[in-house]
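Hello,

Here is the structure I promised to pass on to you. Please have a look at it first, and then read my notes below.

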Amino acid sequence: MLTIGGCSAEKSLGLPEADVEYVGVSTQSAVVDECAALDTKTASHHLTTRPGSPRPSSSASHTKVEEELHEVAGIDYDKVTIKRNASVAVLYEEALTYEQGTVISSAGALCAYSGKKTGRSPKDKRIVREETSDKDIWWGPVNTPLDEKVFLINRERAIDYLNTRPRLYVFDGYAGWDPKYRIKVRVVASRAYHILFMRNMLIRPTDEELENYGTPDFTIFNAGEFPANRYTTGMTSTTSVSVNFKRNEMVILGTEYAGEMKKGIFTVMHYLMPKAGVLSLHSSANEGPDGDVSLFFGLSGTGKTTLSADPKRQLIGDDEHCWSDSGVFNIEGGCYAKCIDLSGEKEPDIFNAIKFGSILENVVLDEESRVVDYADSFLTENTRASYPIYHIPNAKIPCMGGHPKNIILLTCDAFGVLPPVSKLSAAQAMYHFISGYTTKVPGTEDGIVEPQATFSACFGAPFLVLHPQRYASMLAEKMSQHKADAWLINTGWIGGKAGVAKRCPLKYTRAILDAIHNGELANAEYADYEVFNLKVPKKVTNVPDEMLDPRKVWMGTPEEYTQSLHKVASMFAENFKTYQDEAAPETIAAGPQL
């Protein structure tokens, strides 16, 4: 029998027996009525009073945080218990007591469930259109505008819901390890799981920093258990994730997927940092024994997390970074790793990081032993693990480094025409950075039977706020200033498409990275690669020479090779039309020439 958190799938997920449509503008009384049905099956949990955790009476003295939340958001501290920056152990207890289906895995991680939504909802993300940020934002499919009044309706709906909860949790932390650029982030949520997640993902303040924390720079109101009103203007569903740069607030309704908070803060940093002259990047970063820093860019499935976890190098971070005049710093205090098919043999650092203090999202485990079955995708392919970065043995803390020496753009080309490694000029680095190319392969998603090209600007389009050229120009400027080399590495197929040829073995990709880091490729002899005009090394230690040129190992006719090469080049050209209006002439000229 399939067991998720010791319960049936329906119970673990907390799914209502029937969908309920919500109509009309929310008032607190209306929200209370709507909440009643959702609370019925967990009423016994909510009525439980934990020893040592009494709800405050109206005569009790109130903390500064309670007063601030009351003043800024109208949180009724006389009716709601508010716990600020609770310890990991307390958050475990709260989640296990009040959140149905939550259990502890055999490794000590908290197994939590995010309900119907097991991934981000990019189509429901909105940015408030207001005068302070309007002219800066790259409006379009990625950044859909929301009216200020609608944001306030959603905000009130969220706060009304939070006021109906017996207990709320607050976490005050930082985004950004560099004290000069970090921002203070406050998270307000009704689930202990969400707060433990952000305790992992933000940078945890010391006791002294918490004492002198002051007013947050940005606040997240997470009422994800409660739906948005889909009849409100601008709403397309019962999910709403909206950011307001004027109010410095984010409001979440209708999704309990914790990753929305992480990526919401990343969106904020993508707006604030470039305005301060700091480049924000969707990348991992590591540092060698000589202090040489490498940045890794790559979309899902390209090996960004795997390749940046190198036993010979210290990990600065696995996903979000900034590049300032002082060097590189991690935005986050933790890691958020995919764990489908995870094993101790393949990825020991991630596997061993999943212990007490970590969260496992939407995984299936054995009813008796509580051992997680990482191969089971019953709930979602997007099973995740969240853990603080100090769970990684070779993490560099504080998570900061010098100026990058190598910029590594990772792609997984399922058409088999891109070389396993190419050296890029500054203009080519901008072009491929803006393009953000990889492919989806058959079997990864329903309906995909042939390799499918995917382009995501700056290797993170869903989180960009400004036009991609703004980030690309900053990258080229910093590369030039600090004499960084740029490389395009194909971790996909070489010499034929997926299903025909084999994927480039990981040992060869690691050998290529070793050759980059030890300086071998900086002094190598290069050949020109047609159409894309790439510089391809003629030799790399521990990599067969013929592997370096896809034409030499092509598993088909020369005509088929040329056809595939031109097909991929034309997809690049077609995609880049989106950015041509604002792209620099040298960037456009650096693309493939047909």
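**Cysteines**

The sulfur of Cys-335 lies 8.2 Å from the closest cysteine sulfur, which belongs to Cys-399, and that is too far for a bond. A disulfide would need the two sulfur atoms within 2.5 Å. Please keep in mind that this is a predicted model. Searching the whole structure gives 0 disulfides. As for where the cysteines sit, Cys-335 is buried, with a relative accessible area of 1%. Cys-412 is buried too, and its relative accessible area is 4%.

**Strand 14**

Another cysteine brings us to strand 14, where Cys-322 is buried. How many of the 5 residues of strand 14 are buried? The count is 5 of the 5 for this strand, residues 320–324, so strand 14 is largely enclosed by the rest of the structure. In a regular strand, side chains alternate between the two faces of the sheet. Here both faces are covered: Glu-320, Cys-322 and Ser-324 are buried on one side, while His-321 and Trp-323 are buried on the other.

Strand 14 also has pairing partners. With strand 11 (residues 279–287) it pairs in the antiparallel sense, over 4 bridges. Within that pairing, His-321 of strand 14 is the bridge partner of Leu-281. Strand 15 (residues 327–330) pairs with strand 14 in the antiparallel sense as well, again over 4 bridges. There, Trp-323 stands opposite Val-328 of strand 15. Strands 14 and 15 are joined by a hairpin, through 2 residues.

**Helix 4**

Now to a helix. Which residues of helix 4 (residues 64–73) are buried? They are Val-65, Glu-66, Glu-68, Leu-69 and Ala-73. These residues cover an arc of only 160° around the axis, which puts them on the same side of helix 4.

What do the buried residues of helix 4 pack against? Their neighbours are these:

- strand 1 (81–84) and helix 6 (148–164)
- strand 6 (167–175) and strand 7 (183–189)
- strand 8 (218–223)

After helix 4 comes Gly-74, which has a positive phi, near 75°.

Best wishes

Key: Residues numbered from 1 in each chain as written. Predicted model: local features only at pLDDT ≥ 70, side-chain atom pairs only at ≥ 80, totals over all residues. Heavy atoms only, no water. Buried < 20%, exposed > 50% of the residue type's maximum accessible area, 1.4 Å probe, protein only. Arc of directions from axis to C-beta. Contact = heavy atoms within 4.5 Å. Pairing = 2+ DSSP bridges.
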